[in-house]
Amino acid sequence: MALIVQKYGGTSVGNPERIKNVAKRVAKFHAQGHKMVIVLSAMSGETNRLIALAKEISPAPSPRELDVVISTGEQVTIGLLCMALEEMGVKARSYTGGQVRILTDNAFTKARILDIDGANILRDLDAGSVVVVAGFQGVDDAGNITTLGRGGSDTTGVALAAAIKADECQIYTDVDGVYTTDPRVVPEARKLDTITFEEMLEMASLGSKVLQIRSVEFAGKYKVKLRVLSSFQEEGEGTLITVEEDKNMEQPIISGIAFNRDEAKITVLGVPDKPGIAYQILGPVADANVDVDMIIQNVGHDGTTDFSFTVNRPDYEKAIKILEGVQGHIGARAIEGDRTMAKVSIVGVGMRSHPGVASRMFRTLAEEGINIQMISTSEIKISVAIDEKYLELAVRVLHRAFGLDQA
């Protein structure tokens, strides 16, 4: 017997038939004596539909009112799942984020969880009920409905598991675990039995879409045992995300390859080579909520230097406009950009104890004629910016070079 939190994504509850299938799975766990808390997303496509509906009324809707609208998607699925469970003779009770009292800050559409009161949930579990909670939402201390941003249901699931001290948080999605890379790009990609929080955090931040990055941060911080499983397969252990690598096993050098197609590079040419110039360039960009990723400042020459950095492609135009506005102030000769960039990253805690990983990565890309334009590293990852047209080739050759296609 265990206390288990299960989170089901939008495709898992995409229609009444799938909701009934989730109910069967939950009922099976409940019959085995487990205490079950279920967190649901809205039906797939529903949040987008609600946002589009809001924008038909107002091109820039009030964030508070937008949260009121888009939080209703999850309210539908929790009610329907409880009905399906009760039809099967299983006691069930649904809760919105506000009814649980998932307390958040008041940053509408991207709120952060501050506290969770698990008393009602635990009382219902002790009474033999399955508890079904709306993901992606909470309330601020004034009682306003808030939502947690894209993928926020993962965060709800992990945060609830931490609050009620669950034995495991299981994230059910449309894939059966975490893979060495995207199987749609590399058919030989393998499912990992385990991966560390550190590696999963890097993979999520670098473009792997399996888990929302905030949920991984939460799980690592509160030591929540996290497992990724498929809601469309009856069997399978999925991938367990653990706090530490298994000390008894030889750690693979690289665990996975992440990539992101949506990169753009901006270069500010001929700026004065003096203290504070990086802040003068990046300060206004950061003030506009544009995330900067890789940064390179060239060696100064004749008192000037070139400064390059990458941003997400949707932020490219905004960043260029900001820099054109401060070009005269910072004394830049010109501003250039390239919106056809991609980022490829290799990730693995095994890098710590294996020298030569970077040189193998660079040699592999060079042999395919792939030019590296920028590089960034951390203790367990190496990322390179390359031309987008070489992205899939780069992922395939690196996957093979580091033996990720081998069991």
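Modeller: Here are a helix, a loop residue and a strand, in turn.
Modeller: This is a predicted model: local features need pLDDT of at least 70, side-chain atom pairs count only at pLDDT 80 or more, and totals for chains, interfaces and linings use all residues. Residues are numbered from 1 along each chain as its sequence is written, and side-chain values use heavy atoms, leaving out hydrogens and water.

Biologist: Which residues are buried in helix 9?
Modeller: R214, S215, V216, F218 and A219. Buried means under 20% relative accessible area, with a 1.4 Å probe and protein chains only. Helices are DSSP runs of H or I, at least four residues; strands are runs of E, at least two; both are numbered from the N terminus.

Biologist: What do they pack against?
Modeller: Strand 5, helix 7, helix 8 and strand 11.

Biologist: New topic. Where does T181 lie?
Modeller: In the loop between strand 9 and strand 10.

Biologist: Buried or exposed?
Modeller: T181 is buried, at 5% relative accessible area. Beyond four places in sequence, its contacts (heavy atoms within 4.5 Å) include V186, A189 and H399. A polar atom of the T181 side chain lies 2.8 Å from the backbone oxygen of I257.

Biologist: And strand 18, how many of its residues are buried?
Modeller: Six of seven.

Biologist: How many bridges join it to strand 16?
Modeller: Seven, and the two strands run antiparallel. Strands pair if DSSP finds at least two bridges between them. Strand 17 also pairs with strand 18, antiparallel, over five bridges. A two-residue hairpin links strand 17 to strand 18.

How values were computed:
Buried < 20%, exposed > 50% of the residue type's maximum accessible area, 1.4 Å probe, protein only. Polar contact = N/O pair within 3.5 Å; in protein donor to acceptor, adjacent residues only side chain to side chain.
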